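This briefing is for a reader new to the structure.

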Amino acid sequence: MLKKFNKYKYAYLFISPFYILFAIFGIYPIIYSLYLSFNSFKGMGPITFVGFKNYINLFSDTVFFAAIKNTLYIWIIYISLVLIFAIILASIFNLGYIKLKGLFRTIYFIPIVTSTVAVSLVFLIIFQNERGLLNFILSKINISNINWLNSYEWSKPAIIITMLWRWTGYNIILILAGLQSINEDLYEAARIDGASTFNIFFKITLPLLRPMITFCAVVGTIDVFQQFTEPYILTQGGPGVATTTLGLYLYNVAFKYSKLGYGSSMAYIITFFVLLASIVQIRLLNRE
Amino acid sequence: MKKSLYWLLIVIMIVAVITTIGTIGIVGCKKEAAEETTAAETTTEETTAAAELQPNTELSGTISIWTFEPYVTAWQDGRFNKIYPNIKLDITGVDYPDSHTKFLSAAAAGEGLPDIMMTVTPLIVPYASIGALVDLTSIVASYMDKVPQWAWDLDSYQDKVYAVPFDSGPSVLFYRSDIFQSAEIDPNSIQTWSDWFEAGKKIYEATNGKTKLLCMTRSGAMDWAGEAIGLQIMQQIGSGVYDKDGKIIIDNPENVEVLKFLKEVLDSGICLEESYWTPGNYSAMEDGSVATVPQGSWMGGYIKMIAPKSQGKWNAMLLPAWSSGGSRYSNNGGSFLAITTQSKNQELAWKFIEWELLTKDTTLFDLKNFDKWPLLKEDWTDPLIDEPDSFFTNNQAVRKLYVDVATNVTPLYFGPNWPEAYVTVQQVMTDYFNGKMSPEDALKTVAEKLSTIE
């Protein structure tokens, strides 16, 4: 063991800066928040031990349960839509005869490099109720005013639309990379055997895209469970608690109500959910 | 050659690691030092008005300030430095509510707070209770009579004063005089909130639905950070969310009637459902889509900023009363300046606060230029109060109205957990205004939820 260490000591030395920084800014906060989750702490002043009280309170917190429900709602709809859009659009980009591919790819990717705050502010203007751009366009095709941001039914779709706009391009690029890694020979062989385009897509493209789709789904899941900016700017979690996501509620509890202990326990529960959701997805999508 | 290159790389790396560790060590030490200065006594000699006319060159240093108001230009244009040429101001604009989260993380880190912190009224007690603000009781003693007692009450925690009032928001009813005139409504006929509602219906009919009564949303009507119409009415009838001692009074039966009234207004279709601080709201103020704005005096300043083209079309009057002959006074909004316990320049910081908030010359300057409503009582009798304001129809001297309200108002009390309390109130009330529960149930639910906040 020691001999082995000696052999690689310079290598260890060279990779150590990352681990030192990770220990300070990664592991230490993780452990400290575990400690805080069993205490009551207001940001300054005394830290008092409360045992499992934070976790127990969490299970009688109606807002927390509403946040779970909202997050699941957004998660299921957003993940399905973003994957469907990304796969369709990426397949189109992958067609041989599409011109200006680079330009399209750049345009679709641009939303991801813009700041979420700026995007949300623009969507805030688009989603205005009686004077919003979207409602104006809808009124031209005889759809009456939709109160996007202040109604229980439409506030979640408004947030999903904003997220879709932002993240579809990113997923297109990933799926496209997946598509291009599929061996052309397989398509050729299928075509020679007389397979229809439909069959080729479902029997060759999709199965071979699985690892990439899994990756997109897992990354998307983590994003949704931490989702904060869109509801924070568009609706502040309202109306009522209709768009309070787990990320937003966590932020409110820890940084607005300054209950850092309670917030830490919530963070641990959310981490548990993300883990669970990711495992389920990896299992579902990667089963043979 | 190869070996020496090896060693060079290792040396560079070791230096890098040591620097990293060193930085962390320094941060740690600073944190300890910052904690030690907690509650350090600030001593200041009495400053007389005469002394302030002479530039004070003895005091020197830099004070950092976080502010969420645009008034900073007044400080930056050098007026403060004419009196204290050697005190440098380091001003950071921090949006409210970002200032709150920024404050909490800096307080928790033990470093990074400014010398002077601007905050809204309900946050003084939470901040003071965690030991983040300096006790100013002995320093402000000589100013106790110069500022209304209720303002001192709001910034006190356990009978100690922790902040100095920056501004307040005596509520009035801003209305479009041009629209009132064309709809043939006499503002003097609006005595109660139901008169106001009737006037709204009349305006709506007279303009064929083009002009609505006000901007009010189902999520903002009882939101302290939103339109807060409900809270202003409750204040008029001596009710609210908490009483002066922090007891929950929101389930007060009188509040049921207020909620019923507001829902009726919302359901009547004469409200423009655009939230405050959104573009839809701004343009409505300018193009005459809404006829009234019941709000604190600061809204007068905002209307000038967001709806400059509506100049000369606005007037202000006392808020309607809840019942005929009842109080027409209310207050919505208010900020404070406080010195943080992390400050190393508490004496200089106090000089700034004294100059900015407790000097007649400065407060009048801010009132004139930025519509910052002063709480220095001697300002309220200054000739500036009677000066006409050209933004309003017939150059109405609106400040006289504000003085009337500010003198007679009783404040809204916030209790010790306002950041969580007001969000709770807002959430449940949104459910109520959307028809998900009865007003009685809504108030009962809020009261129960508030009682579990710890």
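A nonpolar core is a set of buried Ala, Val, Leu, Ile, Met, Phe, Trp, Tyr and Cys residues joined through side-chain atoms within 4.5 Å. Buried means under 20% relative accessible area, with a 1.4 Å probe and protein chains only. This is a predicted model, in which local features need pLDDT of at least 70 and side-chain atom pairs count only at pLDDT 80 or more, while totals for chains, interfaces and linings use all residues. Residues are numbered from 1 along each chain as its sequence is written, chains are lettered from A in the order in which they are written, and side-chain values use heavy atoms, without hydrogens and water.

**Core**
- The largest nonpolar core contains 204 residues, and Tyr78(A), Phe103(B), Phe174(B) and Phe352(B) have the most contacts inside it.
- Helix α4 (residues 62-94) of chain A provides the largest share of this core, 15 residues.
- Helices (H or I, at least four residues) and strands (E, at least two) are DSSP runs, numbered from the N terminus.

**Contact between chain B and chain A**
- With contact meaning heavy atoms within 4.5 Å, 47 residues of chain B and 35 residues of chain A take part.
- The two chains bury about 3400 Å² between them, 57% of it on carbon and sulfur atoms; buried area is the accessible area (1.4 Å probe) lost on putting two parts together, summed over both.
- One salt bridge (a side-chain nitrogen of Lys or Arg within 4 Å of a carboxyl oxygen of Asp or Glu) is found across the interface.
- Lys259(A) and Glu420(B) form a salt bridge, with their closest N and O atoms 3.0 Å apart.
- On the side of chain B that touches chain A, at least two residues each come from α1 (2-36), α5 (98-109), β8 (271-272), α13 (279-287) and α18 (418-433).
- α1(B) gives the most to that side, eight residues.

**Helix α17 of chain B**
- Helix α17 (residues 398-408) of chain B has these buried residues: Val398(B), Arg399(B), Leu401(B), Tyr402(B), Val403(B), Val405(B) and Ala406(B).
- The buried residues of α17(B) pack against α8 (149-154), β6 (164-176), α14 (298-306), β10 (314-317) and α16 (360-370) of chain B.

**Chain A overall**
- Chain A has 13 helices and two strands.
- Of the 288 residues in chain A, 44% are buried.
- The C-alpha atoms of chain A fill a box of roughly 75 × 75 × 35 Å along the principal axes.

Terms used: Buried < 20%, exposed > 50% of the residue type's maximum accessible area, 1.4 Å probe, protein only.
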